[in-house]
Amino acid sequence: MSRDDLSQHPQHPQHPSFPDDFSTDAHRRVPASDGPNEPSGPNEPSGPSGPGDVDDRFVFEFRAYDDDLADGQRWSTWLSVEPLSRGPEPLPDWVVTSQGAIDTELGVLKTGKEADVHLVERADPLDPDAGVVMAAKRYRSSEHRSFHRAASYTEGRSMKRSRDERAVKRKSTFGRQVAAGEWAVSEWAALVRLWNLGLPVPYPVQIDGTEILMEWITVTDEDGTVGTAPRLAQTRPSPELLASYFEQLTDALATMVQNGLVHGDLSAYNILAAGERLVVIDLPQIVDLVGNLNGMSFLQRDCANICGWFRARGLDVDEHALFGELMAHAF
């Protein structure tokens, strides 16, 4: 392009304006003083006379971390996973996002056929009071047994790669590894979706491979001790609380079917009683009410399981009436 051509093109945009007192020099111009750095003339800049002359806008706090980790510890994986593998916005204020945070294993909370749940503390060593204990659900590796009734739950689902799908159907070693990852992804997606719908599920913090970090649902004893909330099957609620629990579950199920979802394995053993509120857990098998050929059957079974437990504790409920009510919400 010739110099003459330049006149035919619009001028480059002007640089953004800066405050009058802004300087690209990290050292400010300071008033003249009687010290040794006093300028010799009115037009000569004053040199830096000490740390106090550094512009505050160029100052940041440097904090050093110890690189040595103890057994059962790892650096936080929050920033190492993809953004879509982190919990939905807005993040609860208890979520620790510090790059210097450390995850510390606290022990096994629950074991299961397909996955184990551990307790993990995530805390920044320089801000330990802001640490949090989370539940880490880790799906079993390939040498352990596969998922019970997996085929009926995965009806209507598809995998991105046909090779993975064939391996899962053959139940090969690789197929079981793929299945563990797929079930973790399935539960993660269910937690995120149900949380966004406002349903009572643990907040999903992040997923990394076959590990899901989620909110630890707790209760506090009279002496102030914090512990894991019991399963609904372990509780003996008063008649008033029992009725409240059933209403909460009915509302949650109605919201799910309105969005075409069925828990698929709902019972008093995968519902936590956190004081006066219930929290639904164990969601890897969540199914599409219409897309899965067994969707209606799963919903009927969920209704029967729930109503059977409540009826055994004195609440007059009927699974057929509940199923009919949910169908009215679904269509």
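**View 1. Strands β4 and β6 run antiparallel and are joined by 5 bridges.** Strand β6 covers residues 211-215. Two strands count as paired if DSSP finds at least two bridges between them. Strands (E, at least two residues) and helices (H or I, at least four) are DSSP runs, numbered from the N terminus. In this pair, A135 stands opposite M214 of β6. The model is predicted: local features need pLDDT of at least 70, side-chain atom pairs count only at pLDDT 80 or more, and totals for chains, interfaces and linings use all residues. Residues are numbered from 1 along each chain as its sequence is written, and side-chain values use heavy atoms, with hydrogens and water left out.

**View 2. Strands β3 and β4 form an antiparallel pair over 9 bridges.** Strand β3 spans residues 115-124, and strand β4 spans residues 127-139. A hairpin of 2 residues links β3 to β4. L119 has A135 of β4 as its bridge partner. V117 stands opposite K137, also in β4. In a regular strand the side chains alternate between the two faces of the sheet.

**View 3. The open sheet has 6 strands.** Their order is β1-β2-β3-β4-β6-β5, with antiparallel pairing. The edge strands are β1 (73-75) and β5 (204-208), each pairing on one side only. Neighbouring strands are turned by 30° against each other on average, direction ignored. Axes here are lines fitted to C-alpha atoms, for helices over the stretch in contact, and angles run from 0 to 180 degrees between N-to-C directions.

**View 4. V132 lies in strand β4.** Is V132 buried or exposed? V132 is buried, because its relative accessible area is 12%. The cut-offs are under 20% for buried and over 50% for exposed, with partly exposed in between (1.4 Å probe, protein chains only). Leaving aside neighbours within four places in sequence, V132 is in contact with W94, V96, V120, E121 and R122. Contact means heavy atoms within 4.5 Å. V132 and V96 are 36 residues apart along the chain, yet their C-alpha atoms are separated by 7.1 Å.

**View 5. Helix α5 takes in residues 239-258.** α5 has 20 residues and reaches 29 Å from its first C-alpha to its last. That is close to the 28 Å expected at 1.5 Å a residue. The expected span is 1.5 Å times one less than the number of residues. Buried residues of α5 include L242, Y245, F246, L249 and L253. An α-helix has 3.6 residues a turn, so residues three or four places apart point the same way. After α5 comes G260, whose phi is positive, near 75°.
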